[in-house]
Amino acid sequence: MSAREYPAVHPPKMKPVHPGRIVGRALEHQGVAVQTAASAMGVSRQSLYRVLNGAAGVSPDMAIRLGEFLGNGPGLWLRMQASYDLWHAQNAFRASVKVVPIASVAKAALLAGKRGADKRARRSPGGKAQA
């Protein structure tokens, strides 16, 4: 992370803003037209509009272009997109799956199965347990 980049952090229950909306606000604040920005970044106006409207995510290639154009590096845009995608995936997962085994319960079940296998492996060929 460069000195000018900041981590993308948001409260877990709060829906994150699509990075494209932030880019749109930055362009407005700087008084730069979308066509001008797209031309300067070497992308089509439609591609940039799709990101600005949230219809497309920020790809690594677009993150590099945004980072260079806005002067804040590609990592910020990729982390924001990853945060946005992860939040939506987690909410979709929670809505579709009602019960998920807790890691400690799953680990205990695995260990119990391993202990049984260890006992079987320690038995001698004659069927008696070795000391």
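Colleague: What angle do α1 and α3 pack at, and how far apart are their axes?

Modeller: This is a predicted model, so take everything as computed from it. In it, α1 and α3 pack at an angle of about 115°, and their axes are 7 Å apart. That makes α1 roughly perpendicular to α3, since 65 to 115 degrees counts as roughly perpendicular.

Colleague: Which residues meet there?

Modeller: From α1 you have Gly20, Arg21, Val23, Gly24 and Leu27, and they meet Leu48, Val51 and Leu52 of α3. By type, the residues of this contact of α1 with α3 divide into five nonpolar, two polar and one charged.

Colleague: OK, and α1 against α5: at what angle do they cross?

Modeller: Roughly 135°, with the axes coming within 9 Å. So α1 and α5 are oblique to each other.

Colleague: Who's in that contact of α1 with α5?

Modeller: Pro19, Ile22 and Val23 on the α1 side, and Trp77, Met80, Gln81 and Tyr84 on the α5 side.

Colleague: Let's zoom out. How many helices and strands does the protein have?

Modeller: Six helices and zero strands. Of the 131 residues, 25% count as buried. Also, take the contacts with a separation of 6 or more: residues 24 or more positions apart account for 57% of them.

Colleague: Which residues of α2 are buried?

Modeller: Val34, Ala37, Ala38 and Met41 are buried in α2, which covers residues 34-41. Looking down the axis of α2, those buried residues fall within an arc of 100°, so they line one face of the helix. Ser39 and Ala40, on the other side of α2, are exposed.

Colleague: Why does that spacing work, in general terms?

Modeller: An α-helix has 3.6 residues a turn, so residues three or four places apart point the same way.

Colleague: And what do the buried residues of α2 pack against?

Modeller: They pack against α1, α3 and α4.

Colleague: What about α4, which residues are buried there?

Modeller: Met62, Ala63, Leu66, Gly67 and Leu70. Seen down the axis of α4, its buried residues fall within an arc of 135°, so these too line one face of their helix. The buried residues of α4 pack against α1, α2, α3 and α5.

Colleague: Is glycine 42 buried or exposed?

Modeller: Exposed, because its relative accessibility is 54% and the cut-off for exposed is over 50%.

Colleague: Asparagine 72, then: buried or exposed?

Modeller: Buried, because its relative accessible area is 16% and buried means under 20%.

Colleague: What does the side chain of asparagine 72 make a polar contact with?

Modeller: With the side chain of tryptophan 77, at 2.9 Å. Trp77 is also one of the α5 residues that meet α1.

Technical notes
Residues are numbered from 1 along each chain as its sequence is written. This is a predicted model: local features need pLDDT of at least 70, side-chain atom pairs count only at pLDDT 80 or more; totals for chains, interfaces and linings use all residues. Side-chain values use heavy atoms; hydrogens and water are left out. Buried means under 20% relative accessible area, exposed over 50%, partly exposed in between (1.4 Å probe, protein chains only). Helices (H or I, at least four residues) and strands (E, at least two) are DSSP runs, numbered from the N terminus. The arc is that of the directions from the helix axis to the C-beta atoms. Contact means heavy atoms within 4.5 Å. A polar contact is a pair of N or O atoms within 3.5 Å; within protein, one must be able to donate a hydrogen and the other to accept it, and residues adjacent in sequence count only if both atoms are side-chain atoms. Axes are lines fitted to C-alpha atoms, for helices over the stretch in contact, and angles run from 0 to 180 degrees between N-to-C directions. Angles under 35 degrees count as roughly parallel, over 145 as roughly antiparallel, 65 to 115 as roughly perpendicular and the rest as oblique. Ala, Val, Leu, Ile, Met, Phe, Trp, Tyr, Cys and Pro count as nonpolar, Asp, Glu, Lys and Arg as charged, and the others, Gly among them, as polar.
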